[in-house]
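Visitor: I have a structure open and would like to talk it through. Could you take me around it?
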Amino acid sequence: MSRRPAIRGERLLGHLDRFAAIGATAKGGVNRQALTQGDREARALLADLAGARGFAVRQDEAANLFLRREGTDTGLPPLLIGSHLDTQPTGGRFDGALGVLAAFEVLEALEDASFRSPRAAEVAVWTNEEGSRFAPGAMGSQAFAARLLPAEWRDARAPDGARLGDELAATIASLPAPFAPLGFPIAAYLELHIEQGPVLEREDTPIGAVTGIQGTLWLEVELTGQAAHAGTTPLDFRRDPMRAAVAVLDEFYRTVMPSDPDARFTVGRIEAQPGSVNAVPERVRFTIDLRHPDATVLAHLAGRIRDVCEQACAQAGCAFSIHRLVDMPPTAFPEEMVERVEASARRAGLASRRIVSGAFHDALYLARCAPAAMIFCPCRDGISHNEAEHVEPRFVLAGASVLLETALSMIDTVEPMFDGPTRVTV
Ligand code: GLV
Ligand code: MN
Ligand code: MN
């Protein structure tokens, strides 16, 4: 006899603690970067937990990991529910892990209740969402949606020198799980994530129904001049790429965010070569993370970066190149999926509000191959990509409960999710 499935909060919070211990940092955060030993350990633990509940474990050639609870009609494509287990170098306990472990809790709740649904529910753990060790981010979900792992990604190098192709192979080899085809058919995709911003907490609203994701551009800018002696080289003999870099960055820090509240401009990595105190550098390289909900504005800002580099390099006698690491256009989720999340929150007795995601997520790519939806829950002070990241237990429970409600509304049907064209809104 099946009962109504329910989230068991203690179990979910216990799993969050257990996974936070893998790669735990002294300041209470997590350093479990993509395809490292810690990442492999977390994947192995989840595979063990899944095996213990009788869920089928598979992985694909992008090292995406899948845990499936079968439905009664094995011919139906599954509902996929997922997120990521990799973290930033100084990451928090919830970014990614909450979505994966809440998805696993949904499967456990279905199993506890012996719930029989026609459609399977399957947890997805996407490889390298963060992109901080290997660019681009959201690699696994991108490969899944495109049904292709681009050959050039295999040669991507981490700051520690590791090659992506080698780390991918070692990660796959570390888990004895059969292969799933890359980009197998799915009915729909759901993802729970922390908001990573201050909106929901400020309003004490437990649930965000995500309407879309703003656009992100990652650029790597390299300015090249001439190495020279710091003590002997007069100004008019210098071709100093640091001078050009400072001019470019000063221009953008003064103009981009101060003049547009929707724009985001971040330089998170900068290096000078050869990196000697008493030498004018030969080369300066920095990354730019540029975001905006409007694709036209994003393209315009990218064009300005090129113009400003040109001007600054002409003045400093330097050359430059700009390499595009990531180009994620703004994405909207189908209106029907947003309404489904809102209706699930109402059924769970929880207030919700619509919200646009400032962070990118794997759901951005899944939305290209299936109807996708995201649920946000608040995090303390809006802080994320930081070891201090924190989510109140009541918000963890709220998010997981709405995830379960939404999943139930989608697995208990044999109908295709939507007929005809879906309406999208941002
Ligand atoms: C995801 O981690 C992002 O940077 O938005
Ligand atoms: Mn994330
Ligand atoms: Mn993140």
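Guide: What follows is a conversation about a predicted model, taken topic by topic.

Visitor: Let us begin with the metal. Which protein donors hold the manganese ion (ligand 3)?

Guide: Its donors are Asp-95 (OD), Glu-130 (OE), Glu-130 (OE) and His-385 (NE2). They lie 2.1 to 2.4 Å from the manganese ion (ligand 3).

Visitor: How are the donor residues spaced in sequence?

Guide: The spacing for the manganese ion (ligand 3) is D-x34-E-x254-H. Glu-130 and His-385 are 255 residues apart, and the pair links distant parts of the chain. Glu-130 sits in the loop between β4 (121–126) and α4 (139–146), while His-385 belongs to the loop between β16 (372–377) and α11 (393–411).

Visitor: Are those two buried or exposed?

Guide: Glu-130 counts as buried, because its relative accessibility is 4%. His-385 counts as partly exposed, because its relative accessibility is 40%.

Visitor: How far apart are the manganese ion (ligand 3) and the manganese ion (ligand 2), and which residue coordinates both?

Guide: The two ions are 3.6 Å apart. Asp-95 coordinates both of them.

Visitor: On to the cysteines. How many disulfides does the structure hold?

Guide: The number of disulfides is zero.

Visitor: What about the backbone? Where are cis peptide bonds found?

Guide: One joins Ala-135 and Pro-136, with omega about 0 degrees. Pro-136 lies in the loop between β4 and α4, and Glu-130 is placed in that loop as well. Another cis bond runs from Gln-273 to Pro-274, where omega is near 10 degrees. Pro-274 is in the loop between β10 (270–273) and β11 (279–280).

Visitor: Which residues other than glycine have a positive phi?

Guide: Ala-63 is one of them, with phi about 65 degrees. Its place is the loop between β1 (56–59) and β2 (65–69). Asp-381 is another, with phi near 55 degrees, and this residue is found in the loop between β16 and α11. His-385 is in that loop too.

Visitor: Now the charged side chains. How many salt bridges does the count come to?

Guide: The count comes to 30 salt bridges. As background, side chains of opposite charge can pair when their charged atoms come close.

Visitor: Which residue forms a salt bridge with Glu-167, and where are the two located?

Guide: The partner is Arg-40, and the closest N and O atoms are 3.2 Å apart. The pair links distant parts of the chain, 127 residues apart: Glu-167 is in helix α5 (residues 164–173) and Arg-40 in helix α2 (residues 37–52). Both Glu-167 and Arg-40 are buried.

Visitor: What does Arg-68 pair with?

Guide: Arg-68 forms a salt bridge with Glu-70, in which the closest N and O atoms are 2.9 Å apart. Arg-68 is buried, with a relative accessible area of 14%, whereas Glu-70 counts as partly exposed at 35% relative accessibility.

Visitor: And which side chain meets that of Arg-163?

Guide: The side chain of Asp-166 does, in a salt bridge of 2.8 Å from N to O. Arg-163 counts as partly exposed at 24% relative accessibility. Asp-166 also counts as partly exposed, at 47%.

Visitor: One last item. Which residues are linked in a network of salt bridges?

Guide: Arg-11, Arg-53, Glu-105, Glu-108 and Asp-112 are linked in such a network.

Methods: Residues numbered from 1 in each chain as written. Chains lettered and ligands numbered in written order. Predicted model: local features only at pLDDT ≥ 70, side-chain atom pairs only at ≥ 80, totals over all residues. Heavy atoms only, no water. Donors = N, O, S within 2.8 Å, 3.2 Å for Na, K, Ca; no water. Helix = DSSP H or I, 4+ residues; strand = E, 2+ residues; numbered from the N terminus. Buried < 20%, exposed > 50% of the residue type's maximum accessible area, 1.4 Å probe, protein only. Disulfide = S-S within 2.5 Å. Salt bridge = Lys/Arg side-chain N within 4 Å of Asp/Glu carboxyl O.
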